[in-house]
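Student: I would be grateful for a close look at one part of this structure, with an account of how that part sits within the whole chain.

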Amino acid sequence: MNKRFLIYSCLIALLPSFACNKVLEVKTVSDITNASYWKSPGDVTGYLTGIYALLRGTVNDKNYFNTTYYMEDRSDAFIAGLEGGMSTAWQQNLNSANAPNWLNYYNIIYHCNLLLKNAPGIDFPNSTDRDRAMAETYFIRAYTYFWLVRSWGDVPLMLEPVASSNQQQPARAAAEDIMSQILKDIDAAIALFPEGAFVSKSRASKPAAFTLKADALLWKTKVLKGSEADLREALTALQQVESTAGLTLLDNFGSVFATNNRANAEIIFSVYFKKDERSDMYGSQLKPRDIFVQDAINKGDIAAAKNGARSQYMPSPRFESMFTDAADKRKNASFIKAIGPNNKLIGVFDNKFRGTKDTDWFYDADIVIYRFAEIFLLRAEALAALGSVSEAVTALNRTRTRAGIGNYTGPMDKTSVEKEILNERFRELWLEQKRWPDLLRFHYAGTINVYTEVPNLNGKNVPLYFPIPKAQIDLNPNLKQTAGYQ
């Protein structure tokens with residue numbers, strides 16, 4: 001592991017005093033450590049390196065964004081795998097006793113707040129280096145709040161590092177207020193980025209910020225009842241990304257995710273993994289251990305490992321059914337069937353995030369946050385929402401053409417086109433932490449009914465946001481349970 005990376009990852013874990021407080025159980029600022037730390041440009045850039053480590057769950061082995069739990073499990077993307085152990089989210093059996101905890105995300109926000117507070121007071125030989133570090137931090141804070149608002153709806157809004165365990169305990173702010181802050185942070189990031197393109201695709205950038213802005217504005221419009229102006233602003237942001245030099249759709253769909261082709265021309269922002277640093281990217285949950293496929297006639301084509309794999313889930317029959325055109329290049333690059341003797345099906349596994357083959361398979365594919373293909377699908381969605389159906393189909397056809405299935409020729413009414421956009425997002429963005437928020441956007445916009453779309457929601461009325469643990473409410477009576485839970 002890179003020594004500098006390790007040092008600053010450890011600093012993230014150790015810099016604040018770790019005494020719990022009543023606010024959100026995040027850590028309070030240590031005056032002694034602060035007095036000795038925030039002195040030089042290296043303190044800022046090094047601290048930011050540690051924040052990036054949190055995005056993949058490196059520090060203290062905690063998962064932050066390296067999980068399917070929040071953005072995939074509740075959708076129609078998975079069925080039980082060979083080993084099972086499905087989450088309560090997949091089972092749609094959520095309550096205050098088994099509720100997921102948002103504290104990991106507030107840990108990221110805490111560190112972002114600390115950097116944003118201290119960086120302006122540090123003299124940089126080149127001020128653009130400070131601007132870039134702060135821009136990246138604003139992006140990370142915005143993305144983290146976007147994750148929170150899509151998962152829990154109303155959440156506490158904290159913009160300063162926790163200074164004392166005696167400060168007022170926060171209530172949940174309205175989702176609309178959280179979204180307003182997300183957009184403010186994104187605009188701050190866009191204004192601060194010194195360059196219009198990329199320094200590294202494993203770091204936030206101006207194109208990534210414009211993409212996040214469009215994504216957030218679509219959520220605001222459809223879920224939080226935003227306006228037509230929000231949709232037009234999203235289209236303006238997407239145009240900025242489309243005009244970025246060097247971005248393109250790769251001809252070979254599978255190569256977009258290959259570990260020997262990282263940071264390729266289609267990637268906008270991804271979370272970096274590496275075999276000798278971290279190799280348990282969440283795709284490992286849809287891979288088989290080698291003993292399960294040892295009799296498969298195509299076992300050499302399957303990314304099966306002795307260690308690190310667990311077939312918790314398999315791609316759902318509904319996902320398989322999306323590929324109605326045999327010419328679709330994405331089908332074989334997205335999932336693979338293990339076929340046993342007598343043509344017996346052993347199982348179905350992810351084939352997109354294959355990882356690296358060495359002495360064993362290592363699941364070290366990068367987590368793709370945004371890539372160029374999604375720009376066209378976000379554009380299609382915004383245009384369809386505005387009623388510009390023909391233009392929406394033109395944007396939709398960009399990914400269809402790359403996939404080898406040609407232009408859309410179905411009905412041209414708004415609802416039919418919006419359903420096709422949703423289906424195309426499923427085919428194109430499978431397992432990229434998009435499906436559950438996609439279903440929610442189209443549900444709240446009235447295009448689909450998510451309770452009939454997702455098999456595990458059929459006949460249920462479980463709320464679509466996550467609950468919070470009762471223990472958090474006991475610690476902070478200002479917190480109220482998510483609507484619909486006891």
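Student: Which residues of helix α15 are buried, and what covers them?

Tutor: The model is a predicted one, and the description that follows should be read with that in mind. Helix α15 runs over residues 435–444, and nine of its 10 residues are buried. These are Arg435, Trp436, Pro437, Asp438, Leu439, Leu440, Arg441, Phe442 and His443. The cover over these buried residues comes from several helices, including α6 (127–152), α8 (206–222) and α10 (317–321). Also among them are α12 (372–385), α14 (414–429) and α16 (450–453).

Let us next follow the chain beyond the helix. Just after α15, glycine 446 adopts a positive phi of about 90°. Threonine 447 is placed in the loop that links α15 to α16. Its relative accessible area is 6%, which is under 20%, and therefore threonine 447 counts as buried. Its side chain makes a polar contact of 3.1 Å with the side chain of glutamate 418. Apart from neighbours within four places in sequence, threonine 447 is in contact with Thr415, Glu418, Lys419 and Phe442.

Threonine 67 belongs to the loop between α3 (41–55) and β1 (78–80). With a relative accessible area of 13%, threonine 67 is buried, because the cut-off is under 20%. A polar atom of its side chain lies 3.0 Å from the backbone nitrogen of tyrosine 69. When residues up to four places away in sequence are not counted, threonine 67 touches Tyr105, Trp147, Tyr282 and Gln433. Arginine 56 lies in the loop between α3 and β1 as well, and arginine 56 is buried at 3% relative accessibility. Between arginine 56 and lysine 434 there are 378 residues of separation in sequence, whereas their C-alpha atoms are 17 Å apart in space.

The unreviewed UniProt entry carries the annotation "domain: RagB/SusD" for residues 346–485. Over that stretch the chain is 46% helix and 10% strand, with 39 Å between the C-alpha atoms at its ends. Strand β5 (residues 345–350) runs antiparallel to strand β4 (residues 335–339), and five bridges join the two. One of the bridge pairs is isoleucine 339 with leucine 345 of β5. Together β4 and β5 form a hairpin with five residues between them, and in the turn asparagine 342 has a positive phi of about 60°.

Finally, the whole chain provides the setting. The chain contains 17 helices and eight strands. Its radius of gyration is 22 Å, close to the 23 Å given by the globule rule for 486 residues, so the chain is as compact as a globular protein of that length. The C-alpha trace spans about 70 × 55 × 50 Å along its principal axes. Of the 486 residues, 60% count as buried. Among contacts with a separation of 6 or more, 71% come from residues 24 or more positions apart. The accessible surface comes to about 18600 Å², and carbon and sulfur atoms account for 49% of that surface.

Definitions and conventions
Residues numbered from 1 in each chain as written. Predicted model: local features only at pLDDT ≥ 70, side-chain atom pairs only at ≥ 80, totals over all residues. Heavy atoms only, no water. UniProt positions renumbered as here; feature names shortened; annotations may be inferred. Helix = DSSP H or I, 4+ residues; strand = E, 2+ residues; numbered from the N terminus. Buried < 20%, exposed > 50% of the residue type's maximum accessible area, 1.4 Å probe, protein only. Contact = heavy atoms within 4.5 Å. Pairing = 2+ DSSP bridges. Polar contact = N/O pair within 3.5 Å; in protein donor to acceptor, adjacent residues only side chain to side chain. Rg over C-alpha atoms; globule rule 2.2 N^0.38 Å. Areas by Shrake-Rupley, 256 points an atom, 1.4 Å probe, with all protein chains shown as cover.
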